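Dear colleague,

Please find below the structure that I am handing over to you. My notes on what was found in it follow directly after.

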Amino acid sequence: MISWPSSVPTLMDGELMLRPWAESDMDSVFEICQDPTIQLLTTVPVPYERSTADDFFVHQARGFDLQDSISFAGIVNGEVVGSFALHHCIHFDHFCELGYWIAPDARGHGYAHLGAKLATSFAFSIGFRRVQAVTLPENVGSQKVLLKAGFEMETVLRQGMTRRDGTQTDAVMFAKFPEVIVEM
Ligand SMILES: CC(C)(COP(=O)(O)OP(=O)(O)OC[C@H]1O[C@@H](n2cnc3c(N)ncnc32)[C@H](O)[C@@H]1OP(=O)(O)O)[C@@H](O)C(=O)NCCC(=O)NCCS
């Protein structure tokens with residue numbers, strides 16, 4: 001069983017804090033999600049309107065209540081630098097999927113792999129036995145992040161993703177496992 005938390009926790013590694021999203025973060029989310037790289041390499045809605053950020057705030061809270069996802073704001077010095085989410089939480093099989101983005105001006109400081117580690121360790125602490133992450137084949141940056149966060153490259157999912165332009169492409173699957181399986 002997964003021991004679902006009563007609220008989204010706050011996690012720290014150095015200057016990086018993962019905490020629950022606040023409604024007041026949504027102006028930053030709106031601005032950051034205008035980034036063409038985030039729009040190309042993740043599944044954020046495009047175009048990303050101000051109301052899209054408000055919808056995200058509602059959606060992530062509902063995902064938590066439904067025990068389907070746990071979403072974190074990545075914060076450094078009080079500013080939103082990134083987004084981390086454990087989603088597609090499959091309780092029976094004890095696995096979930098990690099997704100993230102980092103604001104363009106906050107990249108290159110290690111926040112992605114540190115946040116990935118924090119979120120994944122938390123997932124293991126509540127009973128998940130596998131955290132997976134899927135990238136586009138050309139998303140070398142994200143693949144490096146995952147390897148640095150202790151994930152292994154597992155396999156290529158043939159025709160496993162659809163690009164923004166509607167074409168189908170292979171996807172690269174990574175996974176990380178707990179050192180000790182927590183039986184709950
Ligand atoms: C990919 C992304 C999350 C990286 O964020 P970041 O905070 O800069 O990553 P980190 O600083 O933790 O980098 C970890 C390692 O990956 C490497 N790396 C990060 N981005 C890279 C890139 N675009 N190309 C090559 N290497 C990259 C870093 O150099 C670092 O390795 P090093 O310590 O050996 O130098 C960020 O560029 C981003 O948000 N991209 C758009 C959204 C996205 O791709 N999300 C993931 C979808 S699967």
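Gln-132 stands opposite Ala-175 in strand 8. This is a predicted model, in which local features need pLDDT of at least 70 and side-chain atom pairs count only at pLDDT 80 or more, while totals for chains, interfaces and linings use all residues. Residues are numbered from 1 along each chain as its sequence is written.

Strand 6 (residues 130-135) and strand 8 run antiparallel and are joined by five bridges. Strand 8 (residues 168-176) also pairs with strand 7, in the antiparallel sense and over seven bridges. Here, two strands pair if DSSP finds at least two bridges between them; helices (H or I, at least four residues) and strands (E, at least two) are DSSP runs, numbered from the N terminus. Among the bridge partners in strand 8 are Gln-168 for Thr-162 and Val-172 for Val-156. Strands 7 and 8 form a hairpin with five residues between them, and Gly-166 in its turn has a positive phi of about 90 degrees.

Asp-170 is also found in strand 8. This residue counts as exposed because it has 12 C-beta neighbours inside 10 Å; the cut-offs are 20 or more other C-beta atoms within 10 Å for buried, 12 or fewer for exposed, and partly exposed in between, with C-beta atoms placed from the backbone. Beyond its neighbours within four places in sequence, Asp-170 is in contact with Pro-137, Val-156, Leu-157, Arg-158, Gln-159 and Gly-160, where contact requires C-beta atoms, placed from the backbone, within 7 Å.

An open sheet of eight strands has the order 1-2-3-4-5-6-8-7, with mixed pairing. Its edge strands are strand 1 (11-13) and strand 7 (152-162), each of which pairs on one side only. Neighbouring strands of this sheet are turned against each other by 25 degrees on average, direction ignored.

**Helices 4 and 5**

The axes of helix 4 (residues 111-125) and helix 5 (residues 140-148) come within 8 Å and cross at roughly 50 degrees. Helix 4 is therefore oblique to helix 5: angles under 35 degrees count as roughly parallel, over 145 as roughly antiparallel, 65 to 115 as roughly perpendicular and the rest as oblique. Axes are lines fitted to C-alpha atoms, for helices over the stretch in contact, and angles run from 0 to 180 degrees between N-to-C directions. In this contact, Ala-112, His-113 and Ala-116 of helix 4 meet Val-145, Leu-146 and Lys-148 of helix 5. By class, the contact has four nonpolar, one polar and one charged residues (Ala, Val, Leu, Ile, Met, Phe, Trp, Tyr, Cys and Pro count as nonpolar, Asp, Glu, Lys and Arg as charged, and the others, Gly among them, as polar).

**Backbone exceptions**

Most residues other than glycine have a negative phi, and most peptide bonds are trans. Val-46 and Pro-47, however, are joined by a cis peptide bond with omega of about 0 degrees. Pro-47 has its place in the loop between helix 2 (36-41) and helix 3 (50-65). Gln-67, not a glycine, has a positive phi of about 60 degrees and lies in the loop between helix 3 and strand 3 (70-76). His-88, in strand 4 (residues 79-90), has a positive phi near 50 degrees. With 14 other C-beta atoms within 10 Å, His-88 is partly exposed.

With kind regards

Terms used: Two residues are in contact if their C-beta atoms, placed from the backbone, lie within 7 Å.
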